[in-house]
Amino acid sequence: MVSLPINYGLTSGIQVGMKYAKKYDYDIAIQFDGDGQHDARYLKKLVDEIEKNGIDVAIGSRFVEEKKPFTMRMLGSRVISTAIKLTTWKKITDPTSGMRAFNKKAIDMFCSNASLTPEPDTVVFMIKRGLKVKEVQVQMRDREFGESYLNAFKSIKYMVNMMLSILFIRSFTRKEK
Amino acid sequence: MSITLRIILIIGSILSFVLCVRKIKQAKLKVENSIIWMAGSFILVLMSIFDKFVGWLATKMGFMASVNFVFFIMILFLIIQVFIDNMRMSELNEKIKNLNHYIALKENEDKNKEK
């Protein structure tokens, strides 16, 4: 386990994980929520996509086969999905999912670009860069402990942040030659 | 510009200038960071002394009163300052984060070596 001397937020935590993966030459890095929402049994499915189907980034989605419920939280998810669709022409059903698997290419990207966060706009960036992103149906539980870092004010800030980033910054990403 | 405003500007500039110099002596401010403030206060003093020229320039540029021109310059100056500060803050943030990562990875590596 790597522990940071200063708490510097979720993004920093993910980035240090990516640096660790690069340092020890890992093939796949997995982003996984520790609050009981995610089920480790589905990780195999994500890893399979990368190993067997040549996918670069596999996302565990709740809504590939199932329908999205109409709640406030899912409204935000829908808006982000629409923005992603507009900018990349790809359908990402569960953009805010925190269960993702990245291959070497994606790990390298995380290490070389400090502005990449474990958020939907990074998915847009990666699609734009030509990485193959695929969603895999998984089940998620309600969190068992801990609280979401989003409250009313923060979720508005989050949405504005994501929309600006997806529509005006990430959408102008050029494909790497 | 009214004589009162000119006096206020001159006094304000001198005060900020003195403050800058004192903070540098106390080593609470770096010289390169204070230069911009000293230059700013110097320009304000110049503007309050040569108010005829400022008035002429203001009318040429379409300002209703030379006071507006003075305020405009000050606002512009402050906006640029805030923007530069923001940029520096992001830069520092990035550096601290990388240091943080470096320390964490290093500690992890050392711990594994001990085993």
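1. In this predicted model, R141(A) counts as partly exposed because its relative accessibility is 41%, whereas its salt-bridge partner D39(A) counts as buried, at 12% relative accessibility. The closest N and O atoms of R141(A) and D39(A) are 3.7 Å apart. The pair joins distant parts of the chain, with R141(A) in the loop between β4 (133-137) and α6 of chain A and D39(A) in the loop between β1 and α2 (43-53), 102 residues apart.

2. K104(A) belongs to helix α4 (residues 104-112), while D25(A) sits in the loop between α1 and β1, and the two are 79 residues apart. K104(A) is partly exposed at 35% relative accessibility, and D25(A) is exposed at 53%. The backbone of D25(A) also deserves a look, as its phi is near 60°, a positive value in a residue other than glycine.

3. W89(A) likewise has a positive phi in a residue other than glycine, near 65°. This tryptophan is placed in the loop between α3 (72-88) and β3 (100-103) of chain A, and its relative accessibility of 69% means that W89(A) counts as exposed.

4. Within helix α2 of chain A, D48(A) and K44(A) lie 4 residues apart, about one turn of the helix, and their side chains meet in a salt bridge with an N to O distance of 3.0 Å. D48(A) is partly exposed, with a relative accessible area of 22%, whereas K44(A) is exposed, with 52%.

5. Helices α3(A) and α6 (residues 152-169) of chain A pack with their axes 10 Å apart and at an angle of about 5°, which makes them roughly parallel. On the α3(A) side the contact includes V79(A), I80(A) and I84(A), and on the α6(A) side M159(A), M162(A) and I166(A) are among the residues involved. The residues of this contact divide into 10 nonpolar, 2 polar and no charged.

6. Between chain A and chain B about 1300 Å² is buried, with carbon and sulfur atoms giving 51% of that area. The contact draws 15 residues from chain A and 14 residues from chain B. Y8(A), K19(A) and K23(A) supply 37% of the area that chain A buries against chain B, more than any other three residues.

7. Across this interface 1 salt bridge is found, namely that of K23(A) with E109(B), whose closest N and O atoms are 2.6 Å apart. K23(A), E109(B) and K113(B) are linked in a network of salt bridges, and over all chains the structure holds 15 salt bridges.

Notes
Residues numbered from 1 in each chain as written. Chains lettered and ligands numbered in written order. Predicted model: local features only at pLDDT ≥ 70, side-chain atom pairs only at ≥ 80, totals over all residues. Heavy atoms only, no water. Buried < 20%, exposed > 50% of the residue type's maximum accessible area, 1.4 Å probe, protein only. Axes fitted to C-alpha atoms, helices over the stretch in contact; angles between N-to-C directions. Parallel < 35°, antiparallel > 145°, perpendicular 65-115°, else oblique. Contact = heavy atoms within 4.5 Å. Nonpolar A, V, L, I, M, F, W, Y, C, P; charged D, E, K, R; others polar. Buried area = accessible area lost by both parts, 1.4 Å probe. Salt bridge = Lys/Arg side-chain N within 4 Å of Asp/Glu carboxyl O.
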